[in-house]
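Me: I am new to this structure and would like a close look at a single part of it, the place where the chains meet. Please take me through that part with care, and then show me how it sits beside the other features of the chains.

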Number of protein chains: 2
Amino acid sequence: MKSINNSHTRPIALTLGDPSGVGPEITAQAWAELRDKNLPFFLIGDPELARQHAILQRLPEPVCIDEPRDATRVMTDALPVLPLPLPAPVKAGKPDQRNAKAVITSIELAVKTVSSGQASALVTNPIAKAVLYKAGFKHPGHTEFLGALARQNSDWPEPHGPVMMLGASGLRVALVTVHIPLSQVASTISRENIMKVAQVLDHALQQDFGIAKPRIVLCGLNPHAGEEGAMGDEEVRIINPAAKNLRRLGVNITNAQASDALFREEARNDYDAVLALYHDQGLIPVKTLDFHGGINTTLGLPFIRVSPDHGTGFSIAGQGKARADSLLAAIKAAHSMSACRKSYGRS
Amino acid sequence: MKSINNSHTRPIALTLGDPSGVGPEITAQAWAELRDKNLPFFLIGDPELARQHAILQRLPEPVCIDEPRDATRVMTDALPVLPLPLPAPVKAGKPDQRNAKAVITSIELAVKTVSSGQASALVTNPIAKAVLYKAGFKHPGHTEFLGALARQNSDWPEPHGPVMMLGASGLRVALVTVHIPLSQVASTISRENIMKVAQVLDHALQQDFGIAKPRIVLCGLNPHAGEEGAMGDEEVRIINPAAKNLRRLGVNITNAQASDALFREEARNDYDAVLALYHDQGLIPVKTLDFHGGINTTLGLPFIRVSPDHGTGFSIAGQGKARADSLLAAIKAAHSMSACRKSYGRS
């Protein structure tokens, strides 16, 4: 029996990702898992490729839709596909540059559907940046591209991102710096960027996660958070002053904490999110605790965006080995965030 | 009934640590847990302080011994104590500089007993470096002090340390750099120190852990291990060449791996130890997985040394809150390592 609210739930736009990666097969798996859960989504991708994967997984054939709103009605019977045909045939594990333009178009169309309100949130299948670069893609990654599209499509109030936040097993970790060499981390962090990212995080926890008064824990940079300057002075010079300013502005954030003590089970009950200063500081605990179910959320965009926390998986694509756990978690999180944002500020 | 091998098991020397910290109470707890497990140890510490904690925990009064070998006989009935009276009264949570000399003497005596073969291994209770510095202690920490004592007491073959290795939940992580600012990590790692630490680790895994052909995984420094130079070139310039040289020397070590993917449950089955490049890269996963039962092993000394992976705990000392999990794990690990070392090279 369908849920009585089914027709009111706006669907999520799911991008194609690299069609030679695991995206098509985990998309089919995700549909099979979610078809009767009132968590509708539609794929912006190639109908024939989607059909092949449905057949492989003994699922009903996908149904092409004309508009995103049709997805909610179609969802229980078949995977809804907003058609974006690919020019070149798809070989699993072998990315083809001729399909790169469609990969990019899928993201652009998805942003249009969320910006116009037709979709409630955006979930992105993994892309291969190297393939897109050859096709003229100019952005460091998915997240930055979405940031640029967001700026084109809407007014965008401060504080804005994009800010990368990883989530797994009830743990949320946002990052001040992301894809830079470790040798540049100490010179890249500043009072300004710590404050900006913390404010985006604080706002998102309220708006999209329904946390009225978020508690944020701030990581130190050095071993034992520097032991008051004995092993690095960034905590004293930069990090703690930023935290102090943030508290003045009403953000409930700690001073720098020894990052190795923050992620144990008991400590995780004492905060709503961790603000980490660099990639591995945040990603090691997330992936250690939940490698398959981790998700990547982009905060500080005018729309909700979540993605699975894994790559294209070319080495296992098309072999029935890929696990949809992370994509499933991403779609569920996107729906939950959308519901929070809808009711935010109304109570 | 006592084990038939009981009298043949050499005891472990346990140091006093800071007497105002949690050491005395976790020592009493550890004795109660291990008294009938054929894992003998003796405390080098103050008999009266040990007596007070035994009474608090409703345990039999400790027994003073004249020689380490008496510990094995005494162990089932009472905590064996090699007496080292303290000059000043002990207040829980309030370290007293007047007792600093005894803290240091306890470590020196412990090294003598293991160097002479009277004790099979050394387990150290936590010390407060700041208190010892005021009493003229000249070493950066426990580990370095033990390294200096080892050099005085015995011939010490290459490859030698000290190398810090953390362990918890079946995970072993050794560190190339330890207590230095994060900003200095990239400039401190070198082919030479990676090779030296990896060789100490490889040897210790064989000698003290009974692993005939150790499999070591090497962490990258940068996000995604640098993606072939796209985000930092240390993997290409320093880390992978060191790994290649090590493999030529017979060490089974990988090239640099993305460190966020290494610590998940499935990955942990594929190696015997991880070589991490800096403090938090190694300690975050260890403490995330097992905060209370983690241990710290010093490799590359002429004797076995293990310590609990926590500090003096002044803020909770004397309140019955301290957990002996880590000290228990340390004593068990020290006995296991001692048994391995005894049979190493004999088969």
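Reply: What follows begins with the interface and then turns to features within each chain.

The model is a predicted one, and every value below should be read with that in mind. In the interface, 33 residues of chain B are in contact with 33 residues of chain A. The size of an interface is often given as the accessible area lost when the parts come together. Here the area buried between chain B and chain A is about 3000 Å², and carbon and sulfur atoms give 63% of that area.

Across this interface the rule finds two salt bridges. A:Lys287 forms a salt bridge with B:Asp260, and the closest N and O atoms of that pair are 3.8 Å apart. Eight residue pairs in polar contact, with both residues at pLDDT 80 or more, are also found across the interface of chain B and chain A. On the side of chain B that touches chain A, the elements that give two or more residues are helix H7 (185-188) and helix H10 (279-289) of chain B. The largest share of that side comes from H10(B), which supplies nine residues. By class, the residues of the side of chain B that touches chain A divide into 17 nonpolar, 10 polar and six charged.

Away from the interface, one can look at how helices pack inside each chain. Two packed helices are described by the angle between their axes and the distance between the axes. In chain A, helix H8 (residues 191-209) packs against helix H12 (residues 325-343) at an angle of about 90 degrees, with the axes 6 Å apart, and H8(A) and H12(A) are therefore roughly perpendicular to each other. On the H8(A) side the contact is made by A:Gln207, A:Asp208 and A:Phe209, while H12(A) brings A:Ser336, A:Met337, A:Cys340 and A:Arg341. These residues of the contact of H8(A) with H12(A) divide into three nonpolar, two polar and two charged.

In chain B, helix H8 (residues 191-209) and helix H11 (residues 325-343) pack at an angle of about 90 degrees, and their axes are 6 Å apart, which makes H8(B) roughly perpendicular to H11(B). There B:Gln207, B:Asp208 and B:Phe209 in H8(B) meet B:Ser336, B:Met337, B:Cys340 and B:Arg341 in H11(B). Sorted by class, the contact of H8(B) with H11(B) has three nonpolar, two polar and two charged residues.

Salt bridges also deserve a view over all chains, where the count by this rule comes to 22. One of them joins the side chains of A:Arg215 and A:Asp272, at 3.3 Å from N to O. A:Arg215 lies in the loop between H8 and strand E8 (216-219) of chain A, and A:Asp272 in the loop between helix H10 (265-268) and strand E10 (273-276) of chain A, so the pair ties together parts that are 57 residues apart in sequence.

Some details of the backbone complete the picture. The peptide bond from A:Gly161 to A:Pro162 is cis, with omega near 10 degrees, and A:Pro162 has its place in the loop between helix H6 (142-153) and strand E6 (163-168) of chain A. In chain B, the peptide bond from B:Gly161 to B:Pro162 is cis, with omega near 10 degrees, and B:Pro162 is in the loop between helix H6 (142-153) and strand E6 (163-168) of chain B. A:Glu227, found in the loop between E8 and helix H9 (234-248) of chain A, has phi near 45 degrees, a positive value in a residue other than glycine.

Terms used. Residues are numbered from 1 along each chain as its sequence is written. Chains are lettered from A and ligands numbered from 1 in the order in which they are written. This is a predicted model: local features need pLDDT of at least 70, side-chain atom pairs count only at pLDDT 80 or more; totals for chains, interfaces and linings use all residues. Side-chain values use heavy atoms; hydrogens and water are left out. Axes are lines fitted to C-alpha atoms, for helices over the stretch in contact, and angles run from 0 to 180 degrees between N-to-C directions. Helices (H or I, at least four residues) and strands (E, at least two) are DSSP runs, numbered from the N terminus. Angles under 35 degrees count as roughly parallel, over 145 as roughly antiparallel, 65 to 115 as roughly perpendicular and the rest as oblique. Contact means heavy atoms within 4.5 Å. Ala, Val, Leu, Ile, Met, Phe, Trp, Tyr, Cys and Pro count as nonpolar, Asp, Glu, Lys and Arg as charged, and the others, Gly among them, as polar. Buried area is the accessible area (1.4 Å probe) that two parts lose on being put together, summed over both. A salt bridge is a side-chain nitrogen of Lys or Arg within 4 Å of a carboxyl oxygen of Asp or Glu. A polar contact is a pair of N or O atoms within 3.5 Å; within protein, one must be able to donate a hydrogen and the other to accept it, and residues adjacent in sequence count only if both atoms are side-chain atoms.
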